[in-house]
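Subject: Structure handover

Dear colleague,

Here is the structure for your files. My notes on it follow below.

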Amino acid sequence: MKILVLNSGSSSLKYKLFLMPEMKVLFSGIVEAIGEEESTIKNHHQAIESTVQKLLAKGIVKSLAEINAVGHRVVHGGVIFDKSVVIDENIIADIKSLIPLAPIHNYANLEGIYAMKHYFPNAPQVAVFDTAFHQSLPKEAYTYALPLELCEKENIRRYGFHGTSHHYVAQQSTKILNKTLSSLNLITIHLGNGTSVCAIKSGKSVDTSMGFTPLEGLVMGTRCGDIDPSIVLYLQNRLDKSVSDIEQMLNYQSGLKGICGSNDMRTIERMALDGDQKASLAIDIFVRSVKKYIGAYIALLGSVDAIIFTGGIGENSASIRAKIVKNMEHLKLVIDPKKNLNHEVCVSKKDTSIQILVIETNEELMIANESYKLLF
Ligand code: ADP
């Protein structure tokens, strides 16, 4: 059984072809710079066409009929979707209705769905939502302290994102901790270009750092994370900046990049080692923001079985992990420097009560699994 998993971003298309249930990756790739001036690929339809041609030309599949199903990452499921679904016309209408909440992402995801319908009219398609795992948030976690009726009318609430990743690493941790997911309290920390933390109680998301949009929470590669909302109003009123100027700045010119000029943690760590003060400051701010959320979520959860690092930075940077959990012995978090440097799965000291795990995320595999479970 072959399941093609698609992750359509605004200007890129990542794909992976899985043999299921063996969970074997047969082929993967990325089409970048979709729609950009110098690119020959003008839209998602063309991106998928080039992917399809590649699959055929390389003999990965002999005919398109060999693809049994397609799984899509869809960014925003609003309050409509608390789990993955098989896509039909009604689901498409629902995803479309959520475009105002995630204009760039849901639009790109729909483009992917339409193009797949065109190339694989007989293959069922499944949507797996970034927000779905966080639909279990209690009311006090998802409600902002703004006028309640206005928020209800405008669908303003914490949705949370990266749900597929948080859910996947939480599931993987059950094998290491030898417990069922429903018996575990976890703090999952996804540190990639986008970053977020999730508090998981008895296997369910009960709080998360991203909010109404993926802009809230931790400091990210180019996104600011938590700031005083008055800064936005100040910039708008005093400096006469337009809404889209500010949106652009908060999303693409802030975070690590805004502080030190780079959003690549490898580069930033190198710059800091070479004595660059701004790079050191960027790391300190980044680490502090993660630390604060861990403390907050330990307080929320009461007891915690493990914290889990994932994402490009979480999986690969031993020094960032060490800085984050430094001086947290009083919270029962003690890292073992040797295990940490070796990137072992469990990097905490033997007798500490909260385990510190490093688990590689795999959102595509999670999407393939969800599609397989729903369809076959
Ligand atoms: P995305 O959110 O785009 O999927 P990733 O999860 O791949 O991103 O994470 C990208 C981040 O991980 C970048 O900041 C990159 O520098 C960082 N990263 C990858 N490998 C390392 C490493 N060995 N040390 C430090 N940071 C790393």
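**Asp-207**

Asp-207 is part of strand 9, which covers residues 204-208; helices (H or I, at least four residues) and strands (E, at least two) are DSSP runs, numbered from the N terminus. This is a predicted model, in which local features need pLDDT of at least 70 and side-chain atom pairs count only at pLDDT 80 or more, while totals for chains, interfaces and linings use all residues. Residues are numbered from 1 along each chain as its sequence is written, and side-chain values use heavy atoms, with hydrogens and water left out.

Asp-207 counts as buried because its relative accessibility is 13% (buried is under 20% relative accessible area, exposed over 50%, partly exposed in between, with a 1.4 Å probe and protein chains only). Leaving aside residues up to four places away in sequence, Asp-207 touches Leu-137, Ala-141, Arg-158, Val-197, Cys-198, Ala-199, Tyr-297 and Leu-300; contact means heavy atoms within 4.5 Å. Its C-alpha atom is 42 Å from that of Val-61, a residue 146 places away along the chain.

**Salt bridges**

The whole structure holds 10 salt bridges, a salt bridge being a side-chain nitrogen of Lys or Arg within 4 Å of a carboxyl oxygen of Asp or Glu.

Lys-2 pairs with Glu-66, and their closest N and O atoms are 2.7 Å apart. This pair links distant parts of the chain, 64 residues apart: Lys-2 is in strand 1 (residues 2-8), and Glu-66 is in the loop between helix 1 (44-57) and strand 4. Lys-2 counts as buried, at 17% relative accessibility, whereas Glu-66 is partly exposed, with a relative accessible area of 25%.

Asp-130 forms a salt bridge with Arg-73, with 2.6 Å between the closest N and O atoms. Asp-130 sits in the loop between strand 6 (125-129) and helix 4 (139-142) and Arg-73 in strand 4, so the pair ties together parts that are 57 residues apart in sequence. Both residues, Asp-130 and Arg-73, are buried. For Arg-73, which lies in strand 4 (residues 67-74), the relative accessible area is 19%. Not counting residues up to four places away in sequence, Arg-73 touches Leu-6, Asn-7, Asn-109, Val-128, Asp-130 and Ile-367.

The side chains of Lys-373 and Glu-370 also meet in a salt bridge, at 3.1 Å from N to O. Both lie in helix 15 (residues 363-375), three residues apart, which is about one turn of the helix. Lys-373 is exposed at 58% relative accessibility, but Glu-370 is buried at 15%.

**Ligand**

The ligand is surrounded by 13 residues, the closest being Asn-193, Asp-264, Met-265, Arg-266 and Gly-312; a residue is near a molecule or strand if one of its heavy atoms lies within 4 Å of it. The shell divides into two nonpolar, eight polar and three charged residues (Ala, Val, Leu, Ile, Met, Phe, Trp, Tyr, Cys and Pro count as nonpolar, Asp, Glu, Lys and Arg as charged, and the others, Gly among them, as polar). Helix 10 (265-273) and helix 12 (311-316) each supply at least two residues of this shell, and helix 12 gives the most, with four.

Ligand oxygen atoms lie 3.0 Å from a polar backbone atom of Asn-193, 2.9 Å from one of Met-265 and 3.3 Å from one of Ile-313. Taken alone, the ligand exposes 580 Å², and the protein buries 69% of that (Shrake-Rupley method, 1.4 Å probe; for residues, only the protein chains shown count as cover).

Regards

Conventions
A polar contact is a pair of N or O atoms within 3.5 Å; within protein, one must be able to donate a hydrogen and the other to accept it, and residues adjacent in sequence count only if both atoms are side-chain atoms.
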